[in-house]
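Please read it alongside the model shown here.

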Amino acid sequence: MKPKYNRVIIKLSGEALAGEKSFGIDPATIAEICKNIKDAKDLGVEIAIVVGGGNIFRGRDGEGIDRATADYMGMLATVINALALQDALESMGVPVRVQTAIEMKEVAEPYIRRKAMRHLEKGRIVIFASGTGNPYFSTDTTAALRAAEIDAEVILSAKKVDGVYDSDPKVNPEAKRFDVLSYIDVLNKGLKVMDSTAISLCMDNNIPVLVFGLEQPENIVKVLCGENIGTIVKEDTHD
């Protein structure tokens, strides 16, 4: 199979790493996801990963905690997930570097754009952890920001849901899935793709977002090779 993209960011939700659990890390799920990320890398694609922390702690859910403090706690949760992904990938022989926006040099490199790009050029997977390093910004916004910084061609947003719907498919069995959306559609309709800051950043930098389900982890390879899976958000919905 020939990949459609050369350099991508995979946005992994923290919840995806929990598998069937509602909390924490499921080693079997992570192993399956990482096996498919390795398969994608073996196609010659340069891959960076932004991982969320919702399986451990999500800043906005920190009831009774100062918002900025809760967001920093959420950033630390993403570091735990990043190290778990690094360990699983390295056990499969894949070279990986974790870079954090909050410096913690004992466990990871600090985020340095040029160094990250050099890692990618050398065939290493780079995992960006601790969000942007700032409270009030989501890991969705981190994915958009890092994609712009490293010149990624697309953001692959891997979720538990297999695309973008006009309503919650878990609640409404008649929910309609979109195949293609424009950035403006997402903003105007308030669709749950990414938060508005992330979508606006993608729109300003013309970075497509491909939302697909991780129920079948092999979907990572399929979307990289151009299979019509999930929902794509882009500037022109006619091409």
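The axes of helix 4 (residues 139-150) and helix 6 (residues 196-205) come within 8 Å of each other and cross at roughly 20°, with axes being lines fitted to C-alpha atoms over the stretch in contact and angles running from 0 to 180 degrees between N-to-C directions. This is a predicted model, in which local features need pLDDT of at least 70 and side-chain atom pairs count only at pLDDT 80 or more, while totals for chains, interfaces and linings use all residues. Residues are numbered from 1 along each chain as its sequence is written, and side-chain values use heavy atoms, with hydrogens and water left out.

**Helix 4 and helix 6**
- Helix 4 and helix 6 are therefore roughly parallel to each other (angles under 35 degrees count as such).
- The contact (heavy atoms within 4.5 Å) is made by D140, T141, A144, L145 and A148 of helix 4 together with T197, A198, L201, C202 and N205 of helix 6.
- By class, this contact of helix 4 with helix 6 has six nonpolar, three polar and one charged residues, where Ala, Val, Leu, Ile, Met, Phe, Trp, Tyr, Cys and Pro count as nonpolar, Asp, Glu, Lys and Arg as charged, and the others, Gly among them, as polar.

**Helix 1 and helix 2**
- Helix 1 (residues 27-41) and helix 2 (residues 67-91) pack at an angle of about 60°, with their axes 9 Å apart.
- In this packing, I30, C34 and I37 of helix 1 meet A84, L85, A88 and L89 of helix 2, and by class the contact has seven nonpolar, no polar and no charged residues.

Terms used
Helices (H or I, at least four residues) and strands (E, at least two) are DSSP runs, numbered from the N terminus. Angles under 35 degrees count as roughly parallel, over 145 as roughly antiparallel, 65 to 115 as roughly perpendicular and the rest as oblique.
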